[in-house]
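Hi everyone, thanks for making time this morning. I'd like to walk you through how a few pieces of this fold pack together, so let's bring it up on the screen.

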Amino acid sequence: MRKTLTILIVLQIFSVFNIKAQTSKEIWGYYSERNLEKTVKFGKQALQEDPKDPQINLAIGRALTDNKQFKKAIPYLEKGSVEVNNADWVRAWSLGYLGECYYATDNYKLSKECLKNCIQLKATKNSVSYARKRIKFFQMGKIFDTWDIIETEHIRFHFQNKNQVNNFESYISNREEAYQVINNFFMAEPYKKIDYFIWNDRDLAKMTLGRELGFANSKLCLINSAKNQTRGHELTHILLDYGIQPRQKTRFINEGVAVYFDQTNRDRYKIARESLNEDEINIIDLWNNPDKHHAKYNYAIGGAFICFLLENRGESKLKKLLTNQTTQSAAEIYDEFEKLINDFEKRIKELEKDTPKSQ
């Protein structure tokens, strides 16, 4: 009798494990099919039987992360990252995804810690690769370990050496102020603070980042800038992307609007005229074929053109243009579009008599 009872208990245990394994397999099947909704739905149902199951928690956490629900994903991924009674691959992937979620919810320090722990586990080739890529994308490598980090309401500043920045406190406050002034126009709501990296060494920046300073990455809410660049240009690129959410960009308009909002208060028309010197340029051709022209024209003339559009046709129409920045779209938005272009060219040429001739 006792032997029979033992056999029944063992069979029951195996049955529970088999059911659990089958449930886990089905949930991961939904995830592999990119059916994130079913992954979360059936994952939560499975957790009613065992709320601490690391694999199921990981599946739900990954699905929520992939769906950009970073805050909701964190509790599940934390349960998936436990050390006790957990497989290394489950823990590693949980840590990797936690690194992404913490970054997206402004916990830079914890994000870096989780990603490095994921790498150190060496559980799977793919999990290590995932974490390493994010260490690189989020700029958390060893080169940044000694950088000074200062946070304001909307920006997290990373200084290569804050002591080499003149008027350090003003530098920070001016850029936080620039964010707020520019965003009065765009009304953007980025998903996280902007990580703003300020380099003293341009050569080191190019070697590390693979390109010249400065530039913005809207997807990561990240800026790399030399210490003496304008306070508003790169901020504008990110706020434009989250506020207007352009469907189609052109370099002429996209760089022009960043120049207009760079917070320097320079005379845009004068800069445009000086950039041309005595040259002539077709605005539509510059707009449609930016690679045929010197890069400076997209900035200097583009900034003046944005200024002209705001002065003559107002904010509402400009915002429509920023959504679709092509000449075709502009012709639909602005009445008498050809006349508008001609008037802009005349506006610039009016300054010719005030611009010194080249020797």
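Let's start with helix 12 and helix 17, which are roughly perpendicular to each other, because their axes cross at roughly 80° and angles of 65 to 115 degrees count as such. Please keep in mind that this is a predicted model. On the helix 12 side, the contact is made by Tyr269, Ala272, Arg273 and Leu276, and helix 17 brings Phe344, Arg347, Ile348 and Lys349. Those residues divide into five nonpolar, three charged and no polar.

Now over to helix 3, residues 54-66, and helix 4, residues 70-80. Their axes come within 7 Å and cross at roughly 160°, which makes helix 3 roughly antiparallel to helix 4. The crossing is left-handed. Among the contact residues are Leu58 and Ile60 of helix 3, and Phe70 and Tyr76 of helix 4. This contact has eight nonpolar, four polar and three charged residues.

Five strands form an open sheet with mixed pairing, in the order 1-2-3-5-4. Which strands stand at the edges? Strand 1 (148-151) and strand 4 (215-217) do, each with a single partner strand, so one side of each is left without a neighbour in the sheet. From one strand to the next, the twist averages 20°.

Strand 4 runs antiparallel to strand 5 (residues 222-226), and three bridges join them. Phenylalanine 215 stands opposite asparagine 224 in strand 5.

Finally, helix 9 (residues 202-209) lies across strands 3, 4 and 5, at about 130° to strand 3. Helix 10 (residues 233-243) lies across strands 2, 3, 4 and 5, running at about 25° to strand 4.

How values were computed:
Residues are numbered from 1 along each chain as its sequence is written. This is a predicted model: local features need pLDDT of at least 70, side-chain atom pairs count only at pLDDT 80 or more; totals for chains, interfaces and linings use all residues. Side-chain values use heavy atoms; hydrogens and water are left out. Axes are lines fitted to C-alpha atoms, for helices over the stretch in contact, and angles run from 0 to 180 degrees between N-to-C directions. Helices (H or I, at least four residues) and strands (E, at least two) are DSSP runs, numbered from the N terminus. Angles under 35 degrees count as roughly parallel, over 145 as roughly antiparallel, 65 to 115 as roughly perpendicular and the rest as oblique. Contact means heavy atoms within 4.5 Å. Ala, Val, Leu, Ile, Met, Phe, Trp, Tyr, Cys and Pro count as nonpolar, Asp, Glu, Lys and Arg as charged, and the others, Gly among them, as polar. A crossing is left-handed if the near helix is turned anticlockwise from the far one by less than a right angle, and right-handed if clockwise. Two strands pair if DSSP finds at least two bridges between them.
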